[in-house]
Amino acid sequence: MVRTADAVVIGGGIHGCSCAVHLARRGISVVVVEKDYVARHASGVNAGGVRRLGRALPEIPLSVAAMGLWHNIGELVDDDCEFVPSAQVRVAENEDEARALEERVRLVRDAGFDHEVVIGPEELRELLPAVSPHCVGGMVVSDDGHANPYRTTMAFKRKAELLGVRILEQVCVLGIDRRQGTWRIETSADPLQTPVLINCAGAWGDHIAAMLGEPVPLRAYAPMLMITARMPFFVKPVVGAQGRTLSLKQFANGTVLIGGGVRGNAVRNTNTASLELGGLAGNARTAAQILPTMRGARIVRCWGGIEGYMPDGIPVIGPSQQEGAFHAFGFSAHGFQLGPIVGSIIADLVTTGVTEYPIGPFRIDRFDSSPQRQSNALT
Amino acid sequence: MKSHYQLAIIGAGPAGMAAAAEAAAFGAASVVFDEQPAPGGQIYRAVETPAAVDRAVFGPDYWHGSKLTKTLRDSGADYVPGATVWQVSPTREIGVTVDGSAMLLTADQVIVATGALERPFPVPGWTLPSVMTAGSAQVLLKSAALAADGAVFAGTGPLLYLVVWQYLQAGVAVKAVLDTTPRSNYFRAARHLAGALRAPQYLIKGIQLLRGINKAGVPLIRGVTDLRMLGEDAVSAVEYQRGGDWQRIEADQVFLHQGVVPNVNLSYSIGCGHTWNEAQLCWQAITDLWGESTVEGIAIAGDGAGINGALAAEHQGRIAGLGALYRIGTIGAHERDRRAAPARAGLTAERRIRPFLETLYRPVKCFRVPPHDETVVCRCEEVNVTAIRKAVAVGCVGPNQLKSFSRCGMGPCQGRLCGLTVSELIADLTDLPVSEIGYYRLRPPIKPLLLEELAELQAPAAME
């Protein structure tokens with residue numbers, strides 16, 4: 001039996017579920033197709049950072065808008081998602097890094113945003129009493145935060161279902177075909193028919209894009225994380241580093257999560273993420289050098305989630321070159337915070353054809369090197 | 001220690017020691033990593049240097065272990081005691097910590113011989129201090145000759161009676177034995193008696209143990225259908241139900257036991273395929289005739305691939321060792337098969353008693369799937385039955401989602417103490433077979449690792 005809906009979202013991660021919530025709120029009937037189960041991959045197992053700090057410039061307007069939604073996340077999805085407002089700090093380990101941070105803050109300020117602030121050694125120590133003596137300063141956003149990623153994605157899922165969205169788990173998309181202005185989607189279960197198709201397939205987003213005739217150079221990796229046994233409280237903000245890969249936070253239960261995007265290997269067809277121990281060791285070294293208290297931490301578990309990376313490090317968001325199709329994938333390991341707003345942007349594009357946010361930099365044809373694209377770029 | 005070995009064996013119990021002896025006999029460059037300070041595994045723990053206890057306490061079966069440890073020491077394999085293997089990758093990269101320093105090395109073949117652990121025994125109060133397992137009672141006796149007078153032992157299974165007997169032999173008083181073996185098991189087991197009689201040594205030993213316990217005048221209370229441990233800061237009493245009535249025994253030390261199950265943490269974390277063994281009520285790695293798992297170059301020997309006991313583990317170790325030698329290319333198929341033949345015959349003989357034991361000592365459901373709301377399932381994160389029921393009620397379909405829902409299984413033990421209970425409990429709540437529920441996806445490190453150890457991790461190339 002063919003199932004029909006006003007819109008079909010492919011992918012049950014945070015972006016897919018957020019699109020479903022925002023579309024359903026606008027009265028659109030939605031089916032979400034998920035090949036595994038909701039929050040199985042990057043959306044469920046990421047570090048849960050909710051940060052504007054250090055975002056790529058094109059992402060800042062979206063990130064700032066998302067932050068507004070995060071601070072009232074309960075109103076959107078009826079769950080607090082364990083969102084904890086907290087400062088996020090990026091530590092400078094030498095004067096060069098401190099200067100780079102000052103430069104960065106100026107750049108962001110010139111673009112019209114003032115959430116990032118440079119701090120000196122005293123302020124750094126006030127914020128991070130446990131920081132190593134060699135650190136000279138940092139950059140701070142005082143009201144960022146973190147949340148529980150699995151719980152958040154599940155909250156979006158439950159809210160979507162409450163609004164009437166059908167979520168089909170363990171259903172895989174096998175093929176996409178356009179007939180008379182309608183998408184026919186062949187799946188491992190019943191086929192789906194819809195005028196609007198939304199690709200939120202994350203690390204598999206390139207597969208769906210290719211089915212739409214829009215190949216993109218996405219690479220899948222497994223950003224790695226490790227968590228420690230409970231420790232006495234010693235750090236409040238989420239800690240990153242300017243010169244090295246690090247993101248470290250201590251939860252209310254005392255455990256400390258260390259990540260930041262050191263990549264392990266992902267094998268997409270078997271859903272396996274394997275760890276790269278050399279990378280984890282480097283991550284551990286960074287944590288121990290910036291926060292020496294961490295030396296004695298007991299690591300309980302390391303893992304990786306499969307994530308899609310674009311070559312320029314920013315996602316694909318916006319309309320497809322095909323009519324009636326939209327993309328939101330390839331968030332390159334920093335999509336979690338954007339989840340609440342991206343769903344709203346896609347819902348606006350679907351219902352009104354426009355969005356108030358500058359999504360030009362995220363268009364899918366930016367990787368296209370074909371002659372036609374080149375000439376489009378010239379005109 | 002080298003940065004690369006032809007064969008790496010993890011665990012120096014009977015399976016690991018036998019595998020090492022076999023491999024070293026053919027000159028394969030081998031290493032044996034073991035967590036303990038001396039070889040022997042749990043079964044032959046401290047067999048080389050027993051605490052100041054009379055040899056007779058442990059019986060002749062235990063002393064057989066000293067032959068094996070001697071073989072290991074003479075084998076020429078690098079034997080590394082005090083080694084914590086915290087990761088083995090599917091490509092046989094091994095992360096191990098010795099004396100506080102972590103290193104990485106590689107091997108052409110790996111034999112996982114990490115043995116068994118005691119089945120969780122989730123009853124109210126099982127997390128109270130001074131409630132321990134019968135296995136740990138034995139460890140105290142074997143390695144330190146520390147044994148508490150007047151303990152209560154409760155549960156079922158050969159090890160329970162063995163440890164009680166050993167305590168009595170050592171002159172340590174035992175207050176009572178509460179036997180949870182259901183009466184119906186005796187009738188069911190009778191069917192397997194004929195097979196068991198082909199391995200009469202085990203039956204005779206069992207009868208001797210029970211007779212010894214009886215003779216010492218220890219109350220052996222059979223037909224116990226429910227248990228709870230009481231106490232404030234530590235256990236002070238055990239209450240048990242028998243024939244519908246609750247009785248109480250004051251006790252400041254309780255040892256619980258209801259059999260042993262494969263220790264699957266390492267094999268799961270490597271990514272080996274596992275299967276639910278309904279007869280033994282446990283997960284076990286899937287292995288072929290040579291002990292090789294579903295991951296190429298990774299073999300599982302001994303109780304880790306299903307419970308068969310110490311002597312069977314020795315045979316399995318030999319077989320796995322020969323299989324690895326063949327895959328390395330050290331021996332041909334003919335040599336391998338010829339040398340494995342006696343071990344196979346021995347293994348078959350050892351397995352004869354299993355159907356009888358598995359049926360007789362099959363733990364009853366109420367001690368595996370805790371019926372009481374407040375019973376703690378995950379000790380590390382203090383998750384109780386109610387929390388798991390709630391998670392399942394809101395759509396949690398398996399152990400991995402349960403971690404995210406409730407933190408169950410996310411503590412330092414990596415699910416060793418709750419994994420089986422969780423699989424069976426979710427199966428019971430969802431009315432699905434346990435085989436469909438599955439087990440935790442296990443993440444390295446499978447043993448806690450200090451951040452500074454990881455930070456100073458030495459790559460194989462840097463080691464030499």
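**Exercise 1. Determine how many residues chain B and chain A each contribute to their contact, and which elements of chain B take part.**

Solution. In this predicted model, the contact draws 18 residues from chain B and 24 residues from chain A. On the side of chain B that touches chain A, at least two residues each are supplied by strand 22 (449-450) and helix 17 (451-455) of chain B. The largest share, four residues, belongs to helix 17 of chain B. Sorted by class, the side of chain B that touches chain A holds 12 nonpolar, four polar and two charged residues.

**Exercise 2. State in which sense strand 19 of chain A and strand 22 of chain B pair, and over how many bridges.**

Solution. Strand 19 (residues 298-304) of chain A pairs with strand 22 of chain B in the antiparallel sense, over two bridges. Within strand 22 of chain B, Leu449(B) is the residue opposite Ile299(A).

**Exercise 3. Classify the packing of helix 9 against helix 10 of chain B.**

Solution. The axes of helix 9 (residues 310-328) and helix 10 (residues 333-351) of chain B cross at roughly 160° and come within 8 Å. An angle over 145 degrees counts as roughly antiparallel, and helix 9 and helix 10 of chain B are therefore roughly antiparallel to each other. Their crossing is left-handed. Contact residues include Leu311(B), His315(B) and Ile319(B) of helix 9, and Arg336(B), Ala340(B) and Leu347(B) of helix 10. The residues of this contact divide into 10 nonpolar, three polar and six charged.

**Exercise 4. Describe the contact of domain 2 with domain 3 of chain B.**

Solution. Chain B is divided into domain 1 (4-117 + 261-331), domain 2 (120-258) and domain 3 (366-432). Taken over C-alpha atoms, the centres of domain 2 and domain 3 of chain B are separated by 26 Å. Nine residues of domain 2 are in contact with 13 residues of domain 3. The side of domain 2 that touches domain 3 has five nonpolar, three polar and one charged residues.

Key:
Residues are numbered from 1 along each chain as its sequence is written. Chains are lettered from A and ligands numbered from 1 in the order in which they are written. This is a predicted model: local features need pLDDT of at least 70, side-chain atom pairs count only at pLDDT 80 or more; totals for chains, interfaces and linings use all residues. Axes are lines fitted to C-alpha atoms, for helices over the stretch in contact, and angles run from 0 to 180 degrees between N-to-C directions. Angles under 35 degrees count as roughly parallel, over 145 as roughly antiparallel, 65 to 115 as roughly perpendicular and the rest as oblique. A crossing is left-handed if the near helix is turned anticlockwise from the far one by less than a right angle, and right-handed if clockwise. Two residues are in contact if their C-beta atoms, placed from the backbone, lie within 7 Å. Ala, Val, Leu, Ile, Met, Phe, Trp, Tyr, Cys and Pro count as nonpolar, Asp, Glu, Lys and Arg as charged, and the others, Gly among them, as polar. Domain bounds come from an automatic or database domain assignment. Two strands pair if DSSP finds at least two bridges between them.
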